[in-house]
Amino acid sequence: MKHTLTRRGFLAQTTASGLGLGFAGACAQGRAGKWFGAPSAPPRTWRAGVAKEKITPTRPVWMTGYGARNKPSEGVLCDLYVRVLALEDETGARAVLVASDILGFPPPVNRSLSDKIEKKYRVPRARLLLASSHTHGGPALHDPLGPLYGPRVTAEQWSEIQKYTQELEDKVVATVGRALTDLQPAKLAFGRGQAKFGINRREKTKEGTFRIGVNPNGPVDPDVPVLRIESASGGLRAVVFGYACHTTTLGGNIYQFHGDYAGFAQEALEKEHPGATALFVMGCGGDINPHPRGTLEQAQEYGRQLAAAVNQAMSKPMRALRGPLKPAYARVDIPFAPHPPREAWEKQLQDADIYKQWQAKEMLKQLERDGRLPASYPYPIQMWQFGDNHLTMIVLAGEVVVDYALRLKRELGAGRTWVAGYCNEVFAYIPSRRIVEEGGYEGGGAMVYYVQPGPFAPQVEEVIIGKVHAMVKQLQSDRSDKSDNL
Ligand SMILES: [Zn+2]
């Protein structure tokens with residue numbers, strides 16, 4: 001593993017018994033030090049709770065992920081689930097991770113779910129992490145923009161999507177409640193494995209443009225970050241794991257629900273560890289596809305490979321994680337490139353492509369309503385830091401390309417940084433400066449399908465990375481968990 005040297009100083013074997021206080025490395029410094037020196041009154045440690053609920057639609061509903069689909073679903077290949085991990089640190093503060101077999105939560109669903117969960121369980125926004133596996137075998141969720149399905153859907157089908165979205169929200173909220181009532185003493189540890197079935201998909205054409213294909217020389221991120229949650233007696237209760245690769249082994253010709261490789265990986269881990277819950281969190285796989293792809297057998301095989309990488313990481317020494325869990329959640333405005341004039345949108349209304357028509361119609365509607373199109377998007381960035389930076393999860397929204405994960409791990413320390421994408425809300429691709437400048441689907445072409453007003457400006461990368469660094473700095477200087485209010 002290429003990061004062994006940088007990790008070595010932070011690794012510590014977790015103990016098989018006790019309250020997870022076996023860590024004696026970097027943790028013995030700083031504020032965590034206050035835990036030591038009170039042997040007669042063992043401090044409280046983590047508590048963890050899990051819950052799982054089937055979310056497979058029971059009626060035909062439009063699927064999303066592939067623009068070529070032209071009808072609602074026709075049955076089920078594999079069930080879809082929402083899985084929830086609730087954590088409580090030694091201060092009694094709680095946090096909730098929701099892992100879903102969903103393409104991505106549209107911004108209105110992110111808002112609605114976080115409002116409901118905050119109101120019902122008093123879990124503030126920064127302490128709720130909504131992850132989506134980006135499966136292209138999942139249902140469409142209601143979004144007024146209807147990305148990837150809007151132009152094709154009848155009023156009746158649209159109402160089915162709305163109904164399903166409501167049912168899903170109810171299930172997520174109820175499952176969060178079950179996980180919170182399941183809190184039991186736990187030990188947390190972090191490690192990393194590797195998987196190799198992802199390949200960069202930005203293929204350069206003879207004309208110098210980029211198309212979705214296969215680029216063996218392009219960047220990938222083989223990391224499989226693993227968060228292990230054990231009971232006080234050492235049994236595996238849950239495992240959270242990530243990988244940066246589109247959940248697109250199966251194509252748009254499949255009209256039956258499935259979780260693709262991520263669904264198979266979660267299922268394989270739960271089968272192998274009875275009683276444990278496996279939660280997948282996508283990485284920055286915006287420009288990564290499984291390779292080769294197209295068959296159910298391949299999706300199952302990649303699921304097995306990913307599960308094996310997780311098991312391998314858990315079989316090695318892992319770094320015990322101490323609390324507290326310090327969260328942050330903030331929005332930063334990421335700029336769009338200058339917009340085309342109104343006449344260009346009017347012309348685009350006549351385009352043969354129905355998605356371009358749909359985008360133009362929406363942009364003209366916004367121009368009519370607001371007099372202008374938005375100059376930027378309020379981009380949510382979240383982070384969860386464990387203890388004194390023993391692990392920081394940088395939780396990004398949208399379809400983030402791999403350059404972000406590679407850069408952030410380089411700048412923040414690969415051995416202590418987990419970079420997740422596709423979390424909280426998915427509303428566009430998030431290209432790096434390089435990809436904005438190169439163009440292609442992830443560089444701006446996909447904005448048509450996301451019904452956004454155009455590509456992001458090249459500064460998008462610096463704005464996001466700059467905000468991440470500012471938030472990390474604030475978390476590290478924050479001793480009183482005020483970061484909830486960021
Ligand atoms: Zn995607």
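**Figure 1. Overview of the predicted protein chain.** Residues are numbered from 1 along each chain as its sequence is written. The protein chain has ten helices and 21 strands, taken as DSSP runs (helices H or I, at least four residues; strands E, at least two) and numbered from the N terminus.

**Figure 2. Close-up of the largest nonpolar core.** A nonpolar core is a set of buried Ala, Val, Leu, Ile, Met, Phe, Trp, Tyr and Cys residues joined through C-beta atoms within 7 Å. The largest one holds 133 residues, of which Val 84, Leu 85, Val 98, Ala 131 and Leu 396 touch the most other members. Leaving aside residues up to four places away in sequence, Leu 85 is in contact with residues including Ala 48, Leu 97, Ile 229 and Leu 279, where contact requires C-beta atoms, placed from the backbone, within 7 Å.

Figure 3. The buried residues of α2 are Val 109, Asn 110, Leu 113, Ser 114 and Ile 117. Seen down the axis of the helix, these buried residues of α2 fall within an arc of 120°, so they line one face; the arc is that of the directions from the helix axis to the C-beta atoms. An α-helix has 3.6 residues a turn, so residues three or four places apart point the same way. The cover over the buried residues of α2 includes β4 (94–100), β5 (128–132) and α3 (155–180), whereas the face turned away from the buried side carries the exposed residues Asp 115 and Lys 119.

**Figure 4. Close-up of two residues with positive phi.** Most residues other than glycine have a negative phi. Arg 122, in the loop between α2 and β5, has a positive phi near 55°, and counts as exposed because it has 10 C-beta neighbours inside 10 Å. Val 451, in the loop between α9 (433–438) and α10 (460–477), likewise has a positive phi near 55°, but counts as buried, with 24 C-beta neighbours inside 10 Å.

Notes. Predicted model: local features only at pLDDT ≥ 70, side-chain atom pairs only at ≥ 80, totals over all residues. Buried ≥ 20, exposed ≤ 12 C-beta atoms within 10 Å, placed from the backbone. Contact = placed C-beta atoms within 7 Å.
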